Amino acid sequence: MLRACILGTGFAVPDSVLSNSDLEKMVDTSDDWILSRTGISFRRIADQKTAASDLAYLAACSALENAGIKPQQLDMIIVATMTPDMPMPATACLLQHRLNASKAAAFDLNAACTGFIYSLAVAEHFLLSSHYKYILVVGADVLSRVVDYTDRNTCVIFGDGAGAVVLGKDDGEHGILATYLAADGEGSDLLKIPAGGSRYPASAETVARRMHYIQMQGSEIFKFAVRIIPQCAERVLERAGLGIEDVDYLLLHQANIRIIQAAAKKMNIPWENVLVNIDNYGNISAGSIPLILAEAVSENRFKKGDLLLLIGFGAGLTMGAALVRWSR
Ligand code: ACO
């Protein structure tokens, strides 16, 4: 059976580190509160010259090298991001040019923190239903540009980074076994950047009202995440005819250690099978899942045949899962 499979992975994070003690000097918070309520100690923050396409480029180069694929072999580039370099053109086109991936179609996909899972599903469909052989999927976000560093409810959570995968085809038992995507637009007000689009175009007033920053009702998102993660797992496993006991590793969107713990407990997944890096990077939205995947690959965590369960959730509200039989 033909499947889309991951041929290579890569990631990139900025050098600059923002610690909890740095944040203690910026807002009324404490290392103890942040660590105990979120599990985060550090985040990486891009310098003023670095945009999403720069981190995407570094992650993409590393994934292409890891896969042994040349940029000119790519048929398509999808960049999942909610912090593109600019509203247009797409960050994927900037990346295509920089990689000199001349024959690749290129577009961005915005499903916030679920963007990588959505992009993986789109890429899978193109690989299985067309002549396309290789697709690059990147999740990249520079959230420090849209975080209000006077708002303690949000500024302690987010960081910057990117992860990338190169997808190809496999005609064996390995690769993407199933995906599941969903959305609940009723919750669209819970997590948003209100201004900068066609509803509230940028103006002196929107800037003065800090409407270009992330606004979040954190505890509602928390409850949503803990509720839908096991549902996403059930749906995607059902599609593949597998059970939760078959899962070797859980790679959840890194949003809050308490969400990860609660979801793993609800799904009866042993803690040693759950990958966690939120302590070092915080929540990097679309970059979160490909980054933890690529980091685990660089540490040789997986062996051929391992079953990986990837689950994302985020603004929209969006949610999704992918089940991958590791092939390398
Ligand atoms: N330091 C100290 N106190 C704080 C801080 C802080 N950084 N932030 C909030 N508080 C206070 C609040 O003001 C509140 O005080 P009050 O009781 O006097 O009003 C108290 O802590 C409790 O606030 P809650 O919001 O109820 O705290 P909670 O335990 O829910 O933690 C948090 C907040 C960390 C935001 C949590 O709700 C969370 O992680 N939610 C999920 C967020 C998320 O995943 N977002 C990303 C989704 S992905 C995407 O698409 C971008």
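A polar contact here is a pair of N or O atoms within 3.5 Å; within protein, one must be able to donate a hydrogen and the other to accept it, and residues adjacent in sequence count only if both atoms are side-chain atoms. With that in hand, look at Ala315: a polar backbone atom of Ala315 lies 2.7 Å from an oxygen atom of the ligand. Arg37 uses its side chain instead, with a polar atom there 2.7 Å from a ligand oxygen. Arg152 also has a side-chain N or O atom 2.9 Å from an oxygen of the ligand. On its own the ligand exposes 1,000 Å², and the protein buries 75% of that (Shrake-Rupley areas with a 1.4 Å probe).

A word on provenance: this is a predicted model, where local features need pLDDT of at least 70 and side-chain atom pairs pLDDT 80 or more, while totals for chains, interfaces and linings use all residues. Numbering runs from 1 along each chain as its sequence is written, and side-chain values use heavy atoms, with hydrogens and water left out.

Now zoom out to the shell. The ligand is surrounded by 27 residues, the closest being Thr29, Arg37, Cys113, Asn256 and Ala315 (near means a heavy atom within 4 Å). By class, that shell holds 14 nonpolar, 9 polar and 4 charged residues; Ala, Val, Leu, Ile, Met, Phe, Trp, Tyr, Cys and Pro count as nonpolar, Asp, Glu, Lys and Arg as charged, and the others, Gly among them, as polar. α8 gives the most to the shell, with 4 residues (helices are DSSP runs of H or I with at least four residues, strands runs of E with at least two, numbered from the N terminus). Domain 1 (3-172) and domain 2 (177-325) both supply shell residues, so the ligand lies between them; the bounds come from an automatic or database domain assignment.

Gly316 and Leu317 are joined by a cis peptide bond, omega about -10°, and Leu317 lies in the loop between β12 and β13 (318-325). Another cis peptide bond links Met88 to Pro89, with omega about 5°; Pro89 is in the loop between β4 (76-80) and α4 (91-99). Finally, Ala112 has a positive phi of about 50° despite not being a glycine, and its place is the loop between β5 (105-109) and α5 (115-129).
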